[in-house]
Amino acid sequence: MQEKLGIVYTPIEVVDFIIHSIKYALNKHLSDKDIHILDPFTGTGSFITRLIQGGLINSNLAHKYENEIWANEITLLGYYIAQLNITATYHKQLLALQNNAQKATHPSIPPPPPSPLRINIYVGALILRKC
């Protein structure tokens with residue numbers, strides 16, 4: 001099926017290289033509101049996962065995750081894996097940020113659980129959205 005659909009998964013080292021290659025631009029603009037992130041061929045969600053793990057959108061993570069991160073995948077299995085990978089990474093990063101903030105203000109109080117948000121991943125070859 002991979003050959004038939006032309007599916008090639010990007011190695012994580014290549015994903016990291018691409019993200020780090022444009023880190024200056026990402027640091028400067030990516031955490032701004034109304035800057036959307038689109039992964040048109042998300043596969044298993046490597047780019048978005050590594051972007052979240054890299055902390056480049058930490059200052060606006062919840063808003064970005066809920067409103068400004070978009071992904072598309074044509075295979076159902078890839079969609080399910082991306083949904084799990086990105087959601088788990090988001091919750092882990094959000095919990096780490098909440099723990100760090102909590103330790104800075106009240107070290108003895110446990111942090112609240114992360115909100116149950118979802119990522120905007122779609123299965124299909126094309127997405128049209130009326131703006």
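**Talking through a predicted fold**

Modeller: From the N terminus on, the elements of this protein run α-α-α-β-α-α-β-α-β, and please keep in mind as we talk that the model is a predicted one.

Colleague: Okay, how many helices and strands is that?

Modeller: The protein has 6 helices and 3 strands.

Colleague: And what share of the residues is buried?

Modeller: Of the 131 residues in the protein, 34% are buried. The accessible surface comes to about 8600 Å², and carbon and sulfur atoms account for 62% of that surface.

Colleague: Which residues touch the most other members of the largest nonpolar core?

Modeller: Those are L51, I52 and I57, in a core that has 18 residues. Two or more residues of this core come from each of the elements α2, α3 (23-30), α4, α5, β2 and α6, and α6 gives the most, with 4 residues. As background, nonpolar side chains tend to be buried together in soluble globular proteins.

Colleague: Pick I52, then. What is I52 in contact with?

Modeller: If we leave aside the neighbours within four places in sequence, I52 is in contact with I57, N58, L61, I86, T89, Y90 and Q93.

Colleague: Switching topic: how many salt bridges does the structure hold?

Modeller: There are 2 salt bridges in the structure. In one of them the side chains of D16 and R50 meet, with 2.7 Å from N to O. Since D16 lies in helix α2 (residues 12-21) and R50 lies in helix α4 (residues 46-53), this pair ties together parts that are 34 residues apart in sequence.

Colleague: Now D39. Where is D39 found, and what is its nearest side chain of opposite charge?

Modeller: D39 is found in strand β1 (residues 37-39). D39 is buried yet has no salt bridge, and the nearest side chain of opposite charge, that of R50, is 12 Å away.

Colleague: So what does D39 touch instead?

Modeller: Not counting residues up to four places away in sequence, D39 touches F47, I48, W70, A71 and N72. There is also a polar contact of 3.1 Å between the side chains of D39 and T42.

Colleague: T42 again, please. How many residues apart along the chain are T42 and I74?

Modeller: I74 and T42 are 32 residues apart along the chain, while their C-alpha atoms are separated by 8.9 Å. I74 lies in the loop between β2 (69-73) and α6 (76-105), and I74 is partly exposed, with a relative accessible area of 41%.

Colleague: What does G78 contact?

Modeller: Apart from its neighbours within four places in sequence, G78 is in contact with G43, T44 and E73. The C-alpha atoms of G78 and F41 are separated by 9.8 Å, and these two residues are 37 residues apart along the chain.

Colleague: Last one: what is the phi of D34?

Modeller: The phi of D34 is near 70°, a positive value in a residue other than glycine. By way of background, most residues other than glycine have a negative phi. D34 has its place in the loop between α3 and β1, and D34 is exposed, with a relative accessible area of 63%.

Conventions. Residues numbered from 1 in each chain as written. Predicted model: local features only at pLDDT ≥ 70, side-chain atom pairs only at ≥ 80, totals over all residues. Heavy atoms only, no water. Salt bridge = Lys/Arg side-chain N within 4 Å of Asp/Glu carboxyl O. Buried < 20%, exposed > 50% of the residue type's maximum accessible area, 1.4 Å probe, protein only. Lys, Arg positive; Asp, Glu negative; His and termini not counted. Polar contact = N/O pair within 3.5 Å; in protein donor to acceptor, adjacent residues only side chain to side chain. Contact = heavy atoms within 4.5 Å. Areas by Shrake-Rupley, 256 points an atom, 1.4 Å probe, with all protein chains shown as cover. Core = buried A, V, L, I, M, F, W, Y, C linked by side-chain atoms within 4.5 Å.
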